Amino acid sequence: MDEFFDTCVEIESTMSLIYRRMADTVKGNDRLRGLMLQMAKDEADHVTQIRFARLLLAQGGVAAIKPSKIRLDLLLLKAQSLLRNIETACLGEEDVLLQAIAMEEDFMQVHVSAALEFTDPKLRERLQLLAREDEKHIATLRDYHQEVYRRSA
């Protein structure tokens, strides 16, 4: 079970770094820069939340079934790939936004699925909270994308 939490922490840390790098690349767009910096802060907070969830598990929370390690590993690879693409300027702003939305959607599903697999109510609640925060990120990113890219289309 430690692998599950370790991989989740690594994904959230990578997402925080992705949002920080995105903020660095959009220096001329104060609104998007602020949005990305807030997302980076939120993702760093998710790391703390997951570490807390791990402590809850250590105190007696049990998983009914083991969460999919393969799925998490694939998400981590996607996040790392997105980070590399941002750092090498291989993607434009719109592509990065769309990929960030997809990552948030995928990880929201991981949080929802994991919440169903644990028996401890505090641990379930923590994972459901993370899923709701991911959902807020998705809405924020989609709203920005819709406003900026669909209005001009």
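Hi everyone. Let me start with a definition: a residue is buried under 20% relative accessible area, exposed over 50%, and partly exposed in between, using a 1.4 Å probe and protein chains only. This is a predicted model, where local features need pLDDT of at least 70, side-chain atom pairs count only at pLDDT 80 or more, and totals for chains, interfaces and linings use all residues. Residues are numbered from 1 along each chain as its sequence is written, and side-chain values use heavy atoms, leaving out hydrogens and water.

Let's look at helix α3. Helices here are DSSP runs of H or I, at least four residues, numbered from the N terminus. On the face of α3 turned away from its buried side sit the exposed residues I70, L74 and L77. Buried in α3 are L72, L75, L76, A79, L82, L83 and I86. Just after α3, A89 has a positive phi of about 55°.

Now, salt bridges: a side-chain nitrogen of Lys or Arg within 4 Å of a carboxyl oxygen of Asp or Glu. The count by that rule is six. One of them joins K78 and D106, with the closest N and O atoms 2.5 Å apart. Because K78 is in helix α3 and D106 in helix α4, this pair ties together parts 28 residues apart in sequence. Thanks, all!

Notes
Helices (H or I, at least four residues) and strands (E, at least two) are DSSP runs, numbered from the N terminus.
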